[in-house]
Every structure is written in structure tokens, then in C-alpha cells.
Amino acid sequence: MKSHNLKLYNTLSRKKENFEAINPPFVGLYVCGPTVYGDAHLGHARPAITFDTVNRYLTHLDYRVRYVRNITDVGHLQGDADEGEDKIAKKAKLEQLEPMEIAQQYTDSYHRDMALLNTWKPNIEPRATGHIPEQIALVEAILKEGFAYVVNGSVYFDVMKYNETNDYGKLSGRDLENLLTGSRTLDGQEEKRNAVDFSLWKNASPEHLMKWESPWGVGFPGWHLECTAMSSKYLGKTFDIHGGGMDLMFPHHECEIAQGNACNHQDPVKYWMHNNMITINGQKMGKSLGNFITLQELFNGDHKLLDQAYSPMTIRYFILTAHYRSTLDFSNDALQAAQKGYKKLINGLRISKLLKYEAGEAEKDEEQIAQVEQIITNAYRAMDDDFNTAQAIGHLFNLLKKINSMYTGQLKSAVFGEEIFKKLIDTFNTFVSDILGLIEEKSDHQNEMLNLLLQLYTEAKTARDYTKVDEIRAGLKEIGFVVKDMKDKIDWAYEE
Ligand code: ZN
């Protein structure tokens, strides 16, 4: 492994800790994935890009990351307090489709959008409906330990009982006393001993669409249960990093800690990481506020709040320009600035591949060398400081200044000596492409470019400049196009 001094902020201890993998070089990384009942939106992009960057940086440091991100295709109810319809079943009824058709459709569209954002696929992407036996076994284990109770075919986690020997609320910093006085008794909650209890298994009514046999009757798993069942199955009883949005900290992640401790008597996660939320023009994003923007709408510019389309790499770059624990506000101004920044880095990437080391053109300059070494150290230091991509990008722009100066000839590559020249170019490329995951988006203007060339062709022909005519014809042929020079018009075709 590369030597490093990675520190990350652990939500559980509320401080930055040195990263020590439980079983190096392996790292278990679990991130709560989407509930697949609608198109992916900005709220999905931030955790996906944040933990993709965590995965990329750990991999860069030579860790072997097993990245598990689940697909929630059952059990996530409309209300947060164990009530309301299943989100997927509701959409299925609305569209007159099978719930699994809805889950498939939105899993596919999520994958498409995540690929456009250049996120690495998880190593394992388990589905909640594919892990019903594991979830039933988990409920049985929690019942056996005495931390749950059965009522009318449903099983609830007994938070008060758990709290006698454990600390419920330690992740989110909530106090059980306050939770108890603050929670309302909602319809259908009378089965619970306490309003803070949460369902592990719910009895299904006859009209309920997704349901399974269990020791307690026909029903379906509670939402929090799946993440405990799947993370422990693929990463073990205690694994390295659990990530997700801050909005999942309570109750979802708090319940995962309780479930893990209840059956294994140990904390399920060593480091909890939470990305902060996104706001739009300073407001929280929400369907009712009319500022709910899907990723496809952003990519196409198809939303009343958008002045233009923003490419996936612009979005990725924009998200990385803030530290993941800071809030991030989307506005057209901010996105347009991000688009410029992204293009500057990508131009740097292109130029850096053209630059060659020219020995003997200048004397080595120790000050220039020291500057480059310092910038590189700073870039790594930023990433080692709780994945501070915002600062790392700042340092990359300092490297880019050197690259641009060499490109324009103001600075000779020889001042760095060959080793540092190579290190400069390699570091810039590695950071931009491998660690930050920013890639060149090729422009899609083939027809416009071809028409421009045909116009030059026509002009050359009119001027009887047949050398130029042949040059354009031959050049196009080389890249697979033929000029169709007809009696009354000139066009192009793919070479057959
Ligand atoms: Zn989860």
C-alpha cells in the first residue's frame, strides 16, 4: 500500500480519525442505494459521487475496496414512521405495472445516469427482494436476543429494552427521552409498545402487492432491516465504512446500529460517513416546492429553473468543488462557473498529453522544482484530510498553471528535470481522471463539423484550388467519410 496519512470524519465519534482498515488491504464500503420508484435526481448524485471518490481514492492508495450499494425494491413506505403505502407498489398501481417492472425500469435509469456521471459500479449490488430469507433470519435472531416483540403478525424492535444496555441515538445525537415526548401516536401505531419502536417485519393486508411467507404470517420486511441483512452478509458483522446522505442518519442508520448490536453485540460499522444536502437557489429540494430536478432534466436543460443544459461532467465537477460535509447550493451561476472550471481542467488534460520533455533547453530551476513538489504534496494532503476534493481542485489549478506555461513556451520543461516533469504530468492526470473521475466529454457536433469542411471544399473548388480540394477529400477519407460531389450539390456519406 502507498504510505499515507488518511484521516476521515467519523459521524459516530464526531471527530476526524486516522483511517485504519480492519483487515488491510481490504476495505468494506457500504452505501445506501436508491429506492427505485422514480428517476434519479440531484439528491442521488451527491452520495453517488462522494462515495465513488472515496472508493477511487482508497483504490489509488492500493486498498482493495469491496463496494456494496443496495437497491431498495421493497419495504420503503411513504411515511417515515412505518406507515403508508410501499413507494414501489404505489407507483406500480398508478402505472398499472408489476412492482418488479417499476423496480427494473428505475434501476436501469439509475444505472444509466450513474454511468454518465462516471461513477464506478459497486462490486455487489444486492436487492432487498433478493434477500428475504436473510432478513427473516435476522428478525429471528433479534427476537431470540429479546430485543423485539410480535404483535398481530408484525415484529417491532423494542427500542426501550435495547436502550437499557445500549445507547439508541448515539449516531444522530438524539436523546431517547426527547424522542419519546416528541413523537406523535399516528394511526395504525397502536400495536407498538412505544412510538419510537420500528418495524422489522410488517403483516401484509390481502391487497398488499409484495409479500412473503414468514414465521409470523404473510408480510414484508421493514426498510431498515435490509441494509443490516445485506451489509453483514457481504461485509461481515463489523465493516469499515458505511456511507449515505445526512438525511438517512436518523432513523435509518440509527436503526441499523441498533439491529447490528442487538444480534451481534458489536457495532456494525467502524466509520460512519455522511454527505451533506443539496439546496437549489438556497431552498431545500422538494416535489411540492417545484424545484425538484431530475438528472435527465439537468443533462437536457429541460426544467423551468434551468437556463441551459449541464453535462454530467459539469455536475460531477460542481459536486466535487465543495467538501462533501458542506452544503452545496445549485444555481445557474454556480453551474456555469463549474462548466468553465471543468473545461479548463480537461483542456489541461489534453495539453498535458501533448507536452514532451525537451532536455537541454534550459537549466534546472530548483525553485520551480520545489514549487511543483509542494503543490503535489498539498493535493495529497487535501485528499488525506477527509477527502477534501474542494482544496485538491485548487491545487490542481496550480499544477495546471505550470502545464499551460509550458504549452505557451513561457516555461521550458527542462527547468523541472525529467523526473519532476513526469511527476507533474502524471499527478495531474491521475488526480483529474482517476481520483476525481473527470473525463473528456467529446462534443457531439459531427454534422456541423462536416458541413464546415464541405463549405471549405466548395470554396476551394470555386477558386480552382485543386490541391486543397484533394487534401480535404483525402483527409475526410482517412476518418471514414467520402465527399459526394454531385452535379448540383455537394454532400458527404460514410465510406462503405
Ligand atoms: Zn440503508
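Predicted model: local features only at pLDDT ≥ 70, side-chain atom pairs only at ≥ 80, totals over all residues.
Residues are numbered from 1 along each chain as its sequence is written, and side-chain values use heavy atoms, with hydrogens and water left out.

Where does Thr 35 sit? You'll find Thr 35 in the loop between β3 (26–31) and α1 (42–60). (Helices, H or I with at least four residues, and strands, E with at least two, are DSSP runs numbered from the N terminus.) Thr 35 has a relative accessible area of 13%, so it counts as buried. (Buried means under 20% relative accessible area, exposed over 50%, and partly exposed in between, using a 1.4 Å probe and protein chains only.) Setting aside neighbours within four places in sequence, Thr 35 is in contact with Thr 72, His 76, Lys 87 and Ile 88, where contact means heavy atoms within 4.5 Å.

Now zoom out. The chain has 496 residues, and 51% of them count as buried. Its secondary structure comes to 16 helices and 15 strands, and the C-alpha trace spans about 90 × 65 × 40 Å along its principal axes. Among the contacts with a separation of 6 or more, 73% come from residues 24 or more positions apart. The domain assignment gives domain 1 (7–275), domain 2 (280–435) and domain 3 (446–494); such bounds come from an automatic or database domain assignment. Between the C-alpha centres of domain 1 and domain 3 there are 60 Å.

Back to single residues. Thr 107 belongs to helix α3 (residues 99–116) and is buried, because its relative accessibility is 2%. Apart from neighbours within four places in sequence, Thr 107 is in contact with Val 36, Ile 71 and Arg 127. Ile 435 lies in helix α14 (residues 417–435), and with 0% relative accessibility Ile 435 is buried too. Beyond its neighbours within four places, the contacts of Ile 435 include Thr 53, Arg 56, Tyr 57 and His 60. Ile 435 and Thr 389 are 46 residues apart in sequence, with 9.4 Å from C-alpha to C-alpha. For another pair, take Asp 62 and Lys 15: they're 47 residues apart along the chain, and their C-alpha atoms are separated by 25 Å.

The backbone has some details to look for as well. The peptide bond from Pro 24 to Pro 25 is cis, with omega near 5 degrees, and Pro 25 sits in the loop between β2 (15–18) and β3. Phe 250 and Pro 251 are also joined by a cis peptide bond, with omega about 0 degrees; Pro 251 is in helix α8 (residues 249–264).

Finally, check phi. Asn 281 isn't a glycine, although its phi is positive, at about 45 degrees. Its relative accessibility is 45%, so Asn 281 counts as partly exposed. Arg 464, also a residue other than glycine, has a positive phi near 55 degrees. Arg 464 lies in the loop between α15 (446–462) and α16 (466–478), and is exposed because its relative accessible area is 63%.
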